[in-house]
Amino acid sequence: MGAFEALLCRLWSRLTREQGERHRSQALQASLAKLNDGARRQTLADRLADDLLGQSAVMSSLRQHIIRAAETQLAVLLQGQTGTGKDRVARAIHQFSTRSKAPFLAINCAAIPEALLESELFGHAKGAFSGADKAREGLISQADGGTLFLDEIGDMPLALQAKLLRVLESGRYRPLGASEERCADLRLVAATHQPLKEQIKHQRFRADLYYRLGQFPINVPPLSERRDDIALLAQAFITAFCQREE
């Protein structure tokens with residue numbers, strides 16, 4: 001009986017050591033994979049520095065967030081002051097995503113009257129309204145497989161917000177005057193300088209749309225938070241101006 005117990009103890013000890021070695025090996029492999037993935041992301045972020053200028057810590061962080069966002073299929077909400085370059089961030093997300101070979105389409109929701117904005121986004125069937133003498137594809141259809149950038153989403157009328165929410169939830173939409181629904185596979189990036197949470201309190205923006213858009217929120221920093229980049233930006237603007245005026 002004693003020999004049998006000793007054998008069991010040796011087997012148990014051996015099994016424990018093997019399990020420990022497997023766990024250590026798995027932990028090492030996971031660490032190496034994480035390190036390699038981090039290095040890959042940093043390389044991609046460094047490539048962004050040619051387009052999104054800045055050596056400050058906030059710009060380095062922004063570029064890393066862009067790469068992480070690009071790796072997902074989540075809707076992205078860009079928030080920041082006017083003139084911070086939210087359109088460039090949106091294009092960078094598309095450029096580094098798996099949808100980069102598909103279309104990137106953009107529209108400024110504040111620059112188009114409500115009556116035209118719906119047609120621009122969803123398209124319309126022939127005869128849908130006065131002057132619609134032929135069917136027209138909207139941006140949602142044109143961006144199928146790619147990325148649709150909605151700038152100044154905070155200015156979108158509430159009625160259109162509800163229709164956009166349905167596209168995000170189901171991937172389906174109906175052009176104006178059409179009898180059948182269509183499907184769209186697109187990545188949505190939205191941007192605004194407005195405080196959307198305040199808009200929600202005043203019932204000017206839908207809370208459900210806000211949370212659907214903000215699956216991957218990114219704050220684009222103002223120049224006041226990146227003063228170290230001013231000299232670099234000024235030199236880039238001067239160089240670009242001189243090239244245009246040659």
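Which residues touch the most other members of the largest nonpolar core? They are Leu121, Ile140, Leu148, Leu150, Ile153 and Met156, in a core of 28 residues. A nonpolar core here is a set of buried Ala, Val, Leu, Ile, Met, Phe, Trp, Tyr and Cys residues joined through side-chain atoms within 4.5 Å. Buried means under 20% relative accessible area, exposed over 50%, and partly exposed in between, with a 1.4 Å probe and protein chains only.

Some notes on the source. This is a predicted model, where local features need pLDDT of at least 70 and side-chain atom pairs count only at pLDDT 80 or more, while totals for chains, interfaces and linings use all residues. Residues are numbered from 1 along each chain as its sequence is written, and side-chain values use heavy atoms, without hydrogens or water.

Leaving out residues up to four places away in sequence, Leu121 touches Ile107, Gly138, Leu139, Ile140, Leu148, Leu150 and Met156; contact means heavy atoms within 4.5 Å. A second, separate core has 24 residues, including Leu48, Ala92, Phe149 and Ile218.

Next, Asp151. This residue is buried but has no salt bridge, that is, a side-chain nitrogen of Lys or Arg within 4 Å of a carboxyl oxygen of Asp or Glu. The nearest side chain of opposite charge is Lys86, 5.5 Å away; Lys and Arg count as positive, Asp and Glu as negative, and His and the chain ends are not counted. Beyond its neighbours within four places in sequence, Asp151 is in contact with Ile107, Asn108, Cys109 and Ala191.
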